[in-house]
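Here is a short briefing on how the inside of this protein is put together. Have the structure open while you read.

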Amino acid sequence: MSESPFNAGTLPADDIATDAAQRRHRLFATADQLRLAGRGMEALHVLAAEIATSRSGERHRALLLGRLAQIVALEQPTIALAGLREALHLRLDDRSRSTVLALVATIAARTGHPDTDALLRDAGTAHAASGDQASARYLALGRAARSLAHGDLPGAQAVLAALDPDSWAARADAPSIRAERILVQLGLGRHQDARAATHQPPEATDVSLPGLDCLRMVAVGELPEAAALAVTTLSSGSANLSREVHALLVAVIGEVRYRRGEHDDARAILRACLAEDRWPDRTMWTFAFCAAVRDATLSTPAGLLTRVVTDLHRSVRPLLPVPHFGPRLVRAAVAVCDTQAAGRVTELVELVSTRTPVPLWRALADQSRGLRDGDAGALRSAVDQLRTTAARPALADALLDLANCPRTRSGEARDAAHEAAALYARIGAPGDQAIADQRCADLAATPRHRPSMDELPSRGIDALTPAEERVAEMLATGATKKEAARILFVSFHTVDTQLRSIYHKLGIHNRMQLARAWERAGR
């Protein structure tokens with residue numbers, strides 16, 4: 001029996017009289033069938049082979065490249081990268097080759113691939129030689145993705161601002177451009193702007209917007225709405241729903257169910273994703289991992305924390321849209337006494353706060369450091385800054401962290417626990433509310449008393465946390481902040497923040513006064 005074009009993954013040569021539009025329609029239909037049959041590599045090969053042999057003009061080539069990019073966006077990273085690299089072995093013209101190289105660099109940047117910089121350089125060189133508009137767009141998307149991987153949200157925003165998703169030439173890539181812009185808005189804490197962008201009339205191919213809107217709802221505490229939209233979108237069975245968006249929606253449902261206290265239901269939907277341990281495909285599930293890491297039943301046997309921390313060091317992208325994920329990972333690491341993981345995640349959050357100096361990320365850096373060091377002052381600072389944002393779940397979590405901190409005064413802890421419980425109730429998180437209510441009960445059962453000599457004072461050398469003591473000792477004996485950061489294996493931002501706290505607690509204003517205070521204390 002002769003092999004059909006569908007099975008072969010290639011098409012026979014058409015008659016000379018075949019119209020280019022008809023041929024393109026057949027190609028697209030064949031590629032779509034192959035993709036839906038789980039044969040994404042063959043779908044990419046069909047389109048790439050046509051691009052390599054096509055003599056039907058620039059418009060035909062541009063449309064083929066646009067469909068190639070759409071299928072790449074719907075596939076797993078390993079399939080997308082393998083398919084594109086296979087396409088590079090074909091006899092592509094310079095303009096097509098520069099576009100494919102830019103696509104490879106974009107996928108690599110989104111996953112935090114170690115070769116990203118080299119791939120972006122190669123794509124930039126090819127684009128400079130060809131001057132192709134499509135490769136310029138993908139190169140910009142790749143550079144924006146690299147900025148996001150490094151926590152540089154302003155840098156990504158500047159690159160994306162130069163792209164026009166409404167132009168005719170960019171219509172095939174408009175969903176990707178809009179999605180990246182919304183991700184930047186979420187990371188910057190501009191949730192109203194993100195809401196407006198996700199509620200614009202989408203194109204038929206733009207199925208990522210509901211997923212991004214779900215992330216926005218989770219970030220601001222619209223939990224019932226987020227779960228409802230995620231379930232509806234998954235149930236729609238859209239053929240254009242990418243694996244990445246599917247994984248995101250599963251994570252949203254799991255996150256909401258945990259916050260509602262429906263742990264068995266959350267485990268049921270998240271358990272299947274834990275089997276994915278191949279990088280870079282598992283990066284699609286990082287949102288789900290961050291939801292599951294709070295549950296020892298799921299996370300401990302699967303080693304989720306180790307996987308997530310390893311992948312975040314390649315790219316912090318998954319931390320950007322949902323503010324409370326970073327501190328949650330630190331909290332999980334502290335709970336299992338994994339000081340290394342707690343330190344590594346804290347450094348990543350501080351890195352983002354340095355490159356994206358907005359109140360939201362400064363608060364998250366303080367919260368992460370407060371959890372790692374047991375520093376009530378840092379947690380208090382996080383709460384104060386989160387009050388200026390729309391990130392209500394992050395604020396509720398920070399309040400509960402402050403209430404749980406052993407160094408927090410009992411009256412302040414009670415107030416924080418009560419406020420956390422009330423806030424959890426307002427955002428539709430009865431499971432978390434029950435935890436906060438239990439903390440309220442525990443604190444109420446603790447008898448009120450006057451501070452004793454054994455309690456940590458709020459001012460003076462003895463008020464310093466262990467981490468602050470280490471910094472104070474080094475700086476008082478002549479080390480620079482940069483040297484202290486290197487020796488203590490923390491970021492410069494951490495040392496600078498701790499120094500401000502040290503000055504406040506000691507009532508001093510400069511390094512000379514610190515040296516004198518340290519000498520007087522006999523340290």
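This is a predicted model: local features need pLDDT of at least 70, side-chain atom pairs count only at pLDDT 80 or more; totals for chains, interfaces and linings use all residues.

Residues are numbered from 1 along each chain as its sequence is written, and side-chain values use heavy atoms, with hydrogens and water left out.

**Nonpolar cores**

- A nonpolar core here is a set of buried Ala, Val, Leu, Ile, Met, Phe, Trp, Tyr and Cys residues joined through side-chain atoms within 4.5 Å, where buried means under 20% relative accessible area with a 1.4 Å probe, protein chains only.
- In the largest nonpolar core, with 144 residues, the members touching the most others are Leu68, Val252, Leu329 and Trp361.
- The most residues in this core, 10, come from helix α14 (residues 243–259); helices are DSSP runs of H or I, at least four residues, numbered from the N terminus.
- Beyond its neighbours within four places in sequence, Leu68 has contacts (heavy atoms within 4.5 Å) with Leu44, Leu47, Ala48, Ile51, Leu84, Val100 and Leu103.

**Helices α4 and α6**

- Helix α4 (residues 58–74) packs on helix α6 (residues 94–111) at about 15°, their axes 11 Å apart; axes are lines fitted to C-alpha atoms over the stretch in contact, and angles run from 0 to 180 degrees between N-to-C directions.
- Leu68, Ala69 and Val72 are among the α4 residues in the contact, and Val100, Leu103 and Ile107 are among those of α6.

Note on methods:
Buried means under 20% relative accessible area, exposed over 50%, partly exposed in between (1.4 Å probe, protein chains only). Helices (H or I, at least four residues) and strands (E, at least two) are DSSP runs, numbered from the N terminus.
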